Amino acid sequence: MRKFSQEIEFMGATVAHNMHEMQNILAIVHESAGLVEDILRINPDLEFQHRPKVEETLAHIRWQVQRGKKVLHATSKLGHSIDQPVHETCDLNVYARIGATLAQRMARMRGADIVCSPDEQPLPVLTGALAVLIQIYLGIEWAVGEQQEKRTVHLRAEAGKDAHKVVIQGSAISARAPVSAIQALAPTTRIETEENALVLFFPVAQETPV
Amino acid sequence: MSKHILLIDDEEAFVTTLAERMELRGLSPRVALNGQDGLRLLQESVPDIVILDLRMPGISGTEVLQEIKRQHPQLPVIILSGHGSKEDLENCMALGAADCLRKPLEIRVLLDKIQMLTARET
């Protein structure tokens, strides 16, 4: 048990550290593209054959850096959620967003988009970050389904009195919701199923976790 | 008058490019690639603001921050890092950092912070 725990903590810490390193690499790409943009900006009359293509490429780089930043942040959070197993609370609002980002590629491969609507305030819950992430991922995977036509999965986090909740909504889902698999990750999570929707209720924690 | 900025970061390609972009905007940046060199440059002349990375070989960003604040309590320091947990960043704020920003970021955001913090100092 200890060996497994050490291995998983090692994986978490290593993933997190290397994601931070990737942020440094992304920052260099970002600044380098920015410098070229600056040079073009201060020389507006400088015409050369491929100027429009260069400007278009710089815009692509900027967009991809923003995309990479989001993925790295989410993966880094995933890493830290593993290497800090003692944390049994988390901010559901933050981890709903992270869960949606981590599931984005899986969803895209099945032709679905995920639209995440977080709450406007922190939603501290008495459930560890890793369990919350896996539960949300399983919920999204169910809502995405196996169909290949274009569709959208909506995920929203909402405040409650005794429990904050995440609602995961798909469309025309045929499979049964993976309730027992989700429940097994954290027995305190209450699960309700509605038509094409899964609602996960997490007990409220009194303080916003670090 | 041009603002003097001390950039302390071990990512050479990042920090020298950032310095070039600042120069294009009329600022006067100086670059140190580690904490020791940063503190040495600080002894030579005091800038208007310091931009400081957290994780560097040798003296860490946190230790550099503590030393800067010991010598120049009023000198604003912005932490700019790709590393750093929320706890690290909160610790830096408690040690007197003016702000903590994450790489990569839009240069406009950084320049607005510099403008705000240096205007407050003058």
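This is a predicted model: local features need pLDDT of at least 70, side-chain atom pairs count only at pLDDT 80 or more; totals for chains, interfaces and linings use all residues.
Contact here means heavy atoms within 4.5 Å.

Chain B has five strands in it, in the order β2-β1-β3-β4-β5, and the pairing is parallel. The edges are β2 (28-32) and β5 (99-102) of chain B, each of which pairs on one side only. From one strand to the next, the twist averages 20 degrees. At the β5 end, strand β4 of chain B (residues 77-81) runs parallel to β5(B), and four bridges join them. One residue pair to find there is B:Ile79 and its bridge partner in β5(B), B:Cys100. Confidence in this chain can be stated briefly. Chain B has a mean pLDDT of 92, and 96% of its residues reach 70 or more.

Now move to chain A. Its open sheet also has five strands, ordered β2-β4-β5-β7-β6, but here the pairing is mixed. The edge strands are β2 (112-117) and β6 (190-194) of chain A; each pairs on one side only. Neighbouring strands are turned by 15 degrees against each other on average, direction ignored. Helix α3 of chain A (residues 92-109) packs on this sheet. The helix touches β2, β4, β5 (163-169) and β7 (197-203) of chain A, and its direction makes about 170 degrees with that of β2(A). β2(A) pairs with strand β4 of chain A (residues 151-158) in the parallel sense, over six bridges. Within that pairing, A:Val115 has A:His154 in β4(A) as its bridge partner.

Next, look at where the chains meet. Chain A contributes 22 residues to the contact and chain B contributes 18. Between them the two chains bury about 2,100 Å², with 54% of it on carbon and sulfur atoms. Charged groups take part too: there are four salt bridges between chain A and chain B. One salt bridge links B:Glu106 with A:Arg62, whose closest N and O atoms are 2.6 Å apart. For the model, ipTM is 0.85 and pTM is 0.78.

Finish at A:His20, in helix α1 of chain A (residues 2-42). Is A:His20 buried or exposed? A:His20 counts as buried because its relative accessibility is 6%, and the cut-off for buried is under 20%. Leaving out residues up to four places away in sequence, A:His20 touches A:Ser76 and A:His80, along with B:Gly82 and B:His83.

Methods:
Residues are numbered from 1 along each chain as its sequence is written. Chains are lettered from A and ligands numbered from 1 in the order in which they are written. Side-chain values use heavy atoms; hydrogens and water are left out. Two strands pair if DSSP finds at least two bridges between them. Helices (H or I, at least four residues) and strands (E, at least two) are DSSP runs, numbered from the N terminus. Axes are lines fitted to C-alpha atoms, for helices over the stretch in contact, and angles run from 0 to 180 degrees between N-to-C directions. Buried means under 20% relative accessible area, exposed over 50%, partly exposed in between (1.4 Å probe, protein chains only). pLDDT is the predictor's confidence in each residue, from 0 to 100. Buried area is the accessible area (1.4 Å probe) that two parts lose on being put together, summed over both. A salt bridge is a side-chain nitrogen of Lys or Arg within 4 Å of a carboxyl oxygen of Asp or Glu.
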